[in-house]
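Please keep the sequence and the 3D view open while you read.

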Amino acid sequence: MGNGEGFQCRECGYRIDVWYGGGMIDPFKMMSKTKKKVEDGEYGPWARKALENHPDASCYHRNALFKCICGNYASKSIVSIRGIQGDAVSYRPIMRCKLCHRKMKEVSFIPDELDCPRCGESMDHVDSILWD
Ligand SMILES: [Zn+2]
Ligand SMILES: [Zn+2]
C-alpha cells in the first residue's frame, strides 16, 4: 500500500511530489532483492555498513516522507534494517532539502493544505494516487 500526492503553487508553480508507504506485495522476495541493493551500496555507505555489521538482518524497503523547517516536503525510497530479534539496526537515512539544504525530518503524513516553501502562497492539491 502506498500513496502519492502532488501539490503545485498557484503563484510560482513550484511543485511537490511525494510518495509514501511501502509496496510490499511479496515481502520475502522483496527482502532478498532489497538486501542485495543494500550490499551493492544503492542505499548509501551507512546502510551497507549496518548490514555488514549485522549480516543476518532483514531489509525492508519503503518510501519515507520528509519535512523541512522551511516548509518543503520530499519523499525518498529508503531501507529499514532490522536484526533477527526485530530490533532496529542503527541506521538513519539522511535527506536534505533541495531548497535550503538543511536536514529534513521524517514525518508520517502530509497535510491537506500546504503553503509554498518558495513564495508562501497556498498550493493546490493537484494529484492523489493510491496503489496496493
Ligand atoms: Zn510558490
Ligand atoms: Zn528547506
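Where is the place of R10 in the protein chain? We start with that residue, after a word on conventions. This is a predicted model, in which local features need pLDDT of at least 70, side-chain atom pairs count only at pLDDT 80 or more, and totals for chains, interfaces and linings use all residues. Residues are numbered from 1 along each chain as its sequence is written, while chains are lettered from A and ligands numbered from 1 in the order in which they are written.

1. R10 sits in the loop between β1 and β2; helices (H or I, at least four residues) and strands (E, at least two) are DSSP runs, numbered from the N terminus. R10 is exposed because it has 12 other C-beta atoms within 10 Å. Along the chain R10 and S122 are 112 residues apart, yet their C-alpha atoms are separated by 6.7 Å. Leaving aside neighbours within four places in sequence, R10 is in contact with E121, S122 and D124; contact asks for C-beta atoms, placed from the backbone, within 7 Å.

2. Now for the overall plan. The protein chain has two helices and six strands, in the order β-β-α-α-β-β-β-β from the N terminus on. Among contacts between residues at least 6 apart in sequence, 62% join residues at least 24 apart. Of the 132 residues, 24% count as buried.

3. How confident is the predictor? The mean pLDDT (confidence in each residue, from 0 to 100) is 85 for the protein chain, and 86% of its residues reach 70 or more. Helix α1 (residues 27-39) has the lowest confidence, with a mean of 82, and strand β5 (residues 105-107) the highest, at 91.

4. Please look next at the core. The largest nonpolar core has 24 residues, of which A47, L51, V79 and I81 touch the most other members. Such a core is a set of buried Ala, Val, Leu, Ile, Met, Phe, Trp, Tyr and Cys residues joined through C-beta atoms within 7 Å. At least two residues of this core come from each of β1 (2-9), β2 (15-21), α2 (45-53), β3 (58-67) and β4 (73-82).

5. A47, A50 and L51 are buried in α2. Seen down the axis of α2, its buried residues fall within an arc of 95°, so they line one face of the helix; the arc is that of the directions from the helix axis to the C-beta atoms. P45 and E52, on the other side of α2, are exposed.

6. Not counting residues up to four places away in sequence, Y43 touches K37, V38, I78 and V79. Y43 and V79 are 7.1 Å apart, C-alpha to C-alpha, and 36 residues apart in sequence.

7. S58 stands opposite R82 in β4. The hairpin has five residues between the strands, and G71 takes a positive phi near 100°.

Terms used. pLDDT is the predictor's confidence in each residue, from 0 to 100. A residue is buried if 20 or more other C-beta atoms lie within 10 Å of its own, exposed if 12 or fewer, and partly exposed in between; C-beta atoms are placed from the backbone. Two residues are in contact if their C-beta atoms, placed from the backbone, lie within 7 Å. Two strands pair if DSSP finds at least two bridges between them.
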